[in-house]
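Thanks for asking me to look this over. Here are my notes on the pockets and on one helix pairing.

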Amino acid sequence: FFGGGWTRGTPANAAGFAKWAADLGLVGVAPDYRTKDRFGTSPLESVADGRAALRWVQEHAVELGIDPQRVVVGGNSAGGHVALWTAIAHSPPGSVGGEAPRFPPVALVLTSAVSDTSPEKGYTPARFGADAMALSPIGQLAPRMPPTIAFHGDADTTVPQGQTLALRDRLRATGNVCEFVNVPG
């Protein structure tokens, strides 16, 4: 899932990753989700669309030539937030249960992911309004999360690296696997 603060961006921003996956012999998908600039929506709709996109991929697994229970999901920045929500079992505000993924991803690949939108210390909680806590992945993680690899620059001035470090710590504390890769600069 592409980044852009739930405000801008298109699947073209993630097409390079999808092509890279295809070049490795995998099936690469660059899904879309609603953003504020293009659709006048909030992060709630972005999250709902991400969950529905994974469900669509799983429901079209035969056409795509994939195993619906072996899908890896990735995302950058706000797209990492959307990706995290594909692995959380319960439906958040703004999402419909019938559009939830049929199966959680088999793994997550995150870059500079927003994992905390809580009012206390989260990233842009005002964007989430009354739903800031309910849409904060770090406080909503499923007991069993997919293995996660998380890349984050130590000089990131948009999404603080502490977001990913806190996610790593929370995942590990609950017995989940999370590999953190520091990206200098």
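The points below take the pockets and then the helix contact.

1. Ground rules. This is a predicted model, in which local features need pLDDT of at least 70 and side-chain atom pairs count only at pLDDT 80 or more, while totals for chains, interfaces and linings use all residues. Residues are numbered from 1 along each chain as its sequence is written, and side-chain values use heavy atoms, with hydrogens and water left out.

2. The largest pocket. It holds about 1000 Å³ of space, and among its 33 lining residues A21, V29, V72, V73 and G74 lie nearest the centre. A pocket here is an open set of points on a 1 Å grid over the protein atoms alone, where a 1.4 Å probe fits, with protein on both sides within 12 Å along at least five of seven lines; lining residues have an atom within 4 Å of a point. Volume is the space filled by probe spheres set on the points, which are joined across faces, edges and corners.

3. Who lines it? β1 (72–76) gives the largest share of that lining, five residues. The lining divides into 22 nonpolar, nine polar and two charged residues; Ala, Val, Leu, Ile, Met, Phe, Trp, Tyr, Cys and Pro count as nonpolar, Asp, Glu, Lys and Arg as charged, and the others, Gly among them, as polar. Strands (E, at least two residues) and helices (H or I, at least four) are DSSP runs, numbered from the N terminus.

4. The second largest pocket. About 190 Å³ of space lies here, and the lining includes D116, K121 and R170. By class, it has four nonpolar, five polar and three charged residues.

5. S46, V47, G50, R51 and L54 of α3 meet H81, V82, W85 and T86 of α5, where contact means heavy atoms within 4.5 Å.
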